[in-house]
There are 2 protein chains.
Amino acid sequence: MKAAIGVFDSGVGGLTVLKSLRTAFPQQEFIYLGDTARLPYGTKSADTIRQYSLQNVRFLAHQGVQAVVVACNSASTQITEPEIEGLPVYNVIDPGVQAALETTQNQCIGLLGTRATVESHVYQTRLKKQAASFGKSDVRVFAQACPLFVPLAEEGWTLDPITNLIVYRYLHPLLLEEIDTLIMGCTHYPILRGSIERATGKSVTLVDSGHALAAVLKKDFESGRLKASAEAGLRVLMTDLSSHLQKWAFEILEETSQPIEVVNTT
Amino acid sequence: MKAAIGVFDSGVGGLTVLKSLRTAFPQQEFIYLGDTARLPYGTKSADTIRQYSLQNVRFLAHQGVQAVVVACNSASTQITEPEIEGLPVYNVIDPGVQAALETTQNQCIGLLGTRATVESHVYQTRLKKQAASFGKSDVRVFAQACPLFVPLAEEGWTLDPITNLIVYRYLHPLLLEEIDTLIMGCTHYPILRGSIERATGKSVTLVDSGHALAAVLKKDFESGRLKASAEAGLRVLMTDLSSHLQKWAFEILEETSQPIEVVNTT
C-alpha cells in the first residue's frame, strides 16, 4: 500500500512544514525531498521552477507516495493543480490564504515572502479571489519581500538585535497599514517567529503555512482522500548535501540521527 | 581569431570582476556567462560545483573564447588548473592570495567569504603555501564566513546602518587579531566596500579580486599568452533571467541597454 506522504522543498526550509505535519500526524509515514542541488528556487524563472517541481513530484511518485506536499512557496506559485497524474498535490499557499481570510477582522492582511513569491502576486490574487467566500470582500493585502530572512534564519540569529532591526524595517510599512493578520509566506520564516512577534505585538495574528496545511490534511484524512500509514516513518532525501545543510536540517528536525540520502531526481 | 575573454560566475556577482577587467582593458572583447539557473554555487557540494564549472568552461569554449576567467570564488575552489583543454583558465583566488601576500606587513591577513569558500580552506592553504616566496613565512589567516553579505548587497543596503552593524559583527573578531590586510573573497563584496572600510578604518588594506586579477591578465597580455581583441565588445549570457536579476545586472554594469541572452549550457 502506498501510504507515505511526500513533501518537497528546494532546500531545508520545508522541514518546518514537515515538522508541523509530523506533530499533527505522529503515526504517519513521510518522505522528504530537498532539491538542494538546485536551491534556491526563489531566484529562478517561473518556467524553471515549474519544470523542477514537476520533476520532484514525479520522483516522489516513483518512491511510492500517496500524495505530495509542495512545501516551498516558490514552487507552490507554479504548482496550482490539486492532482498531478492522479496523485493528490497540496501547495502551501492555499491553506495560508484560507487561514488568513478566516482570521482577519479588519480585512488588512500582511504578506511576507521571498522576492519571487511576492512578485508572483499569487497570494495577493488568491486572497482577493477567495475573499468573498469568507464574507470579506474588501480585503486589502500589503506585501513585503524579505530577502534577508532566509540567511538570518540560516545564521541562527534568532531573537538577535540585528534580526529585530531588520524585521522591524521590513514590517514597519505593513504595521503602518494596521494589518491584523500576517502570512509568513516562506517556509523559513517560522524560525524567526520570535523576532516577528516582537515587531508585530499582540494585535497581529501570524499565519504559519505548516499549521494551516495540517488542518487541510486532517480533513482529507477524515474524508478518506488520504490513508493512514501502517506505521510512522521518515526518509529524508536531498539532491546534494554539504555539512552546513546537514547541520541545518538536524537543527530544524531537532534530531541528529536522521539519515539523509543523496539522490538524483533528473 | 578567437579573441574574446570568457568570464563566468554562478550569478551576477562576477559582473564586478568583469567591470574591473573592462576598466583595465577597455579595448577587449568579453563574453560573460551567469549560471543563474543554478545559482548560488556556494551551497553546493565540491563535486557539483566542479561539474557545473567544467560545463561553463566548455560552453564558453564553444562560444570561441581565447581564455576563461572563473569569476566566482566557489567555482575557483574547484577549478585550480591553469589550462583546461588547451584554454588558459584564471581563477579569482590566486590573484587575491598574491596581492594579500604582497600587501601584508604584519603577516596577519583577514579573509571574508561565503561559508563554502571559507570552509573549503582554499585561501588559507594557498596563502600559507605561497607565503615563503613572498618572504612572509609566519603568515596567519583569520577567516570569517559572511552569509548575509550577498543578500545585503542585493538589497542595495549599502552604507546602511544595519549593514554597518552586520559588517562590524563579522569583522570584529578579525580586527581583534590586528589584521592589516583583508581579502574580499566573494565577488559581491566590493559592493559593500564602503561599509567594510568604515569598520576596518585606514589601518587595513582591502584586497579586491577583480583588481588583482586585472594585474595578472596584464602580464599575460604583455607576454603574449593573451591576444588583444580586434575591437571592444560584450555579450552577456545567463542560464535563467528574472526581472530582479536583470535589474541587478544593470546596476552592477551601470548600463541598462546591455542585451542579456538566455542560454542553455547543459
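In which sense do strand β3 (residues 65-70) and strand β5 (residues 87-91) of chain A pair, and over how many bridges? The two strands pair in the parallel sense, over three bridges. The views below come from a predicted model, in which local features need pLDDT of at least 70, side-chain atom pairs count only at pLDDT 80 or more, and totals for chains, interfaces and linings use all residues. Residues are numbered from 1 along each chain as its sequence is written, while chains are lettered from A and ligands numbered from 1 in the order in which they are written.

**View 1. Strands β3, β4 and β5 of chain A**. Strands are DSSP runs of E with at least two residues, helices are runs of H or I with at least four residues, and both are numbered from the N terminus; two strands pair if DSSP finds at least two bridges between them. Within the parallel pairing of β3(A) with β5(A), A:V68 has A:V89 as its bridge partner. On β4 (residues 83-84) of chain A the pairing with β5(A) is antiparallel, over two bridges, and A:E83 is bridged to A:P88. β4(A) and β5(A) form a hairpin with two residues between them, and in the turn A:E85 has a positive phi of about 50 degrees.

**View 2. The open sheet of chain A and the helices that pack on it**. Four strands, in the order β7-β6-β8-β9, form this open sheet with parallel pairing; its edge strands, each pairing on one side only, are β7 (140-145) and β9 (205-208) of chain A. Neighbouring strands are turned by 25 degrees against each other on average, direction ignored. Strand β6 (residues 108-113) of chain A pairs with β8(A) over four bridges, and A:L111 has A:I183 as its bridge partner in β8(A). Helix α6 (residues 122-131) of chain A lies across β6, β7 and β8 of chain A, at about 165 degrees to β7(A), and α8(A) packs on the sheet, touching β6 and β7 of chain A, with its direction at about 165 degrees to that of β7(A). Axes here are lines fitted to C-alpha atoms, for helices over the stretch in contact, and angles run from 0 to 180 degrees between N-to-C directions.

View 3. A:T181 counts as buried because it has 24 C-beta neighbours inside 10 Å, the limit for a buried residue being 20 or more other C-beta atoms within 10 Å of its own, with C-beta atoms placed from the backbone. Residues up to four places away in sequence aside, A:T181 touches A:A100, A:T103, A:T104, A:I109, A:G110, A:V204, A:T205 and A:V207, where contact requires C-beta atoms, placed from the backbone, within 7 Å.

View 4. Chain A is divided into domain 1 (4-91 + 211-262) and domain 2 (94-209), with bounds from an automatic or database domain assignment, and their C-alpha centres lie 22 Å apart.

**View 5. The contact between chain A and chain B**. Each of the two chains, A and B, gives 23 residues to this contact. On the side of chain A, α7 (149-155), α8 (161-176) and α11 (243-253) each supply at least two residues.

Technical notes. A residue is buried if 20 or more other C-beta atoms lie within 10 Å of its own, exposed if 12 or fewer, and partly exposed in between; C-beta atoms are placed from the backbone.
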